[in-house]
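Please find below a short note on the secondary-structure packing of this model.

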Amino acid sequence: MKDKTNKFYITTPIYYVNDKPHIGHAYTTIVADVLARFWRAQIGDKNVFFLTGTDEHGAKIAEAAQVAGMEPQAFTDKVSQKFKDVWSKMDISYDYFLRTTDKDHGKIVTEILKTLKAKGILYEDDYQGLYCVGCEKFITEGELVDGKCPDHNKVPQKVVEKNWFFKLSEFLPKIKKAIQSGELYIYPESRKNEVLGLIDKQHVPDFSISRSKKSVPWGIDLPWDENQKTYVWVDALSNYITALGYPKGKDFKKFWPADAQFMALDILKFHTLYWPAILMALDLPLPRLYIHGFFTIDGKKMSKTLGNVIDPNELADKYGAEVSKYLILSQFSFGQESDIKLEDFPIKYNADLVNGLGNLVSRVTNMIELYLDGQVGIKFKSLNLGHEELKQLRFREALLTIWQVIAKDNTLIDQSKPWELAKDKNKHDQLKKILGELSLDLYNIALALEPFMPQKSKEILDIITAKKIKKPASPLFPRL
Ligand SMILES: [Zn+2]
């Protein structure tokens, strides 16, 4: 948790452009967006930097481009644009979209590689193994089924070549210390323990940072060896600092280290071991890492074969960006392994948004219009509803706090029956007090909703802070 801060830097991973965006990408990006909006409201737009982007190099991309009959750059332009389009549709408020094929990124990666080599952190060695182009990695004998990669049903290539390696082993004791002291923050606790376990119990080998041009034709040239291309990690992970203009950029000086780097479980090792090692090698401070689990869709693992891969575009078409975000974030707590139940979406939409929030706004404003001539006569003040939860990245819990107030208010109306109080002149003060309390709650509900539903939040604020309060002409959330 970060309680007080004067800057906030948030990142999503850069997404690999071998495929189009799915709900897994959307989830990571939505939580980053909510957090960015929350901190902008606390410390100002200029003091928050929200980065996302696309990872565009590697053998898999070269292969996918070839299948599509395109040049790799044209292919990555196309897929990268799909990510930009869906984030625009989901109203994602990123400040910068990084592409690893950007010239500026490539230049800085080249400088970082030279620095690492000059410091003696890289060495040349034989790399041999079975390489699956589909996986874009070497795979072990044990992983093969009938001599083939089980994911791609292809016989892997036998590859022996000279590659450059990063001396990860030298950094592991320091990384362990940094995790234990909290200098390298990993959330949730279970993932932190998993990483400590990796360091303690298993051999975490040095990782290679280059490949021959033959095996990986599409990538950043290794500056001192024209036959080698940069392989994945230094290129991809450095994006978090190249986007800020490392080493001399104004934004880098202001925003690094990152306050929240979001990712899914599958890239845990690279972000909790490789990335801190690269940063330590560059003498840079360490970030805070937030890892969420995989989720299943209606109880099943998301897969192309099952045909249950959710396209965030379809969700946005059906429910709109803001409602989609609400439906996803309200289903499970950040960090947990969870199930997305699509069949619950329409039920939850009607219960929470139509009958819950929408109905409350309509009832309260209607009564203020009818009984108080649109004048509630109170001073609005912020009660910081949901702030503690959001500071701790407890997105679902922040929503639950808001919806507790909505439920409490709908009950208050049912029990106090303002329409009966309105018939009795002696009870006018009581009526005014209740409607005042309700409108103050609506004001705070709207403020608390801003990071999740900026447009609906503004609509409610406009209604409730108007000189003369009127019931909205059309419902805030129309029935499906
Ligand atoms: Zn494979």
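1. Strand β1 (residues 8-16) and strand β12 (residues 260-264) run parallel and are joined by 2 bridges; T11 has Q261 of β12 as its bridge partner. Helices (H or I, at least four residues) and strands (E, at least two) are DSSP runs, numbered from the N terminus, and two strands pair if DSSP finds at least two bridges between them.

2. On the basis of the note: this is a predicted model, in which local features need pLDDT of at least 70 and side-chain atom pairs count only at pLDDT 80 or more, while totals for chains, interfaces and linings use all residues. Residues are numbered from 1 along each chain as its sequence is written.

3. Strands β1 and β12 belong to an open sheet of 6 strands with parallel pairing, in the order β3-β2-β1-β12-β13-β7. Its edge strands, each pairing on one side only, are β3 (96-99) and β7 (185-187). From one strand to the next the twist averages 20°. Helix α1 (residues 23-43) packs on this sheet and touches β1, β2 (48-55), β12 and β13 (288-292). The direction of α1 makes about 165° with that of β1. Angles run from 0 to 180 degrees between N-to-C directions, and axes are lines fitted to C-alpha atoms, for helices over the stretch in contact. Two residues are in contact if their C-beta atoms, placed from the backbone, lie within 7 Å.

4. An open sheet of 4 strands shows antiparallel pairing in the order β5-β4-β6-β8. Here β5 (137-139) and β8 (207-208) are the edge strands, each pairing on one side only. Strand β4 (residues 122-132) pairs with strand β6 (residues 157-166) in the antiparallel sense over 10 bridges, and Y123 has F165 of β6 as its bridge partner.

5. Helix α5 (residues 168-181) and helix α6 (residues 189-201) have axes that come within 10 Å and cross at roughly 155°. That makes α5 roughly antiparallel to α6; angles under 35 degrees count as roughly parallel, over 145 as roughly antiparallel, 65 to 115 as roughly perpendicular and the rest as oblique. Residues L172, I175, K176 and I179 of α5 meet K192, V195, L196 and I199 of α6. This contact of α5 with α6 comprises 6 nonpolar, no polar and 2 charged residues. Ala, Val, Leu, Ile, Met, Phe, Trp, Tyr, Cys and Pro count as nonpolar, Asp, Glu, Lys and Arg as charged, and the others, Gly among them, as polar.

6. The axes of helix α11 (residues 312-319) and helix α12 (residues 321-329) cross at roughly 115° and come within 7 Å; α11 and α12 are therefore roughly perpendicular to each other. L315, A316 and Y319 of α11 make the contact with A321, V323, S324 and L327 of α12. By class, the contact of α11 with α12 has 6 nonpolar, 1 polar and no charged residues.

7. Helix α13 (residues 344-371) packs against helix α15 (residues 395-416) at an angle of about 55°, with the axes 10 Å apart, and the two helices, α13 and α15, are therefore oblique to each other. On α13 the contact is made by D352, G356, L357, N359, L360 and R363, and on α15 by W403, I406, D409, N410 and I413. The contact of α13 with α15 has 5 nonpolar, 3 polar and 3 charged residues.
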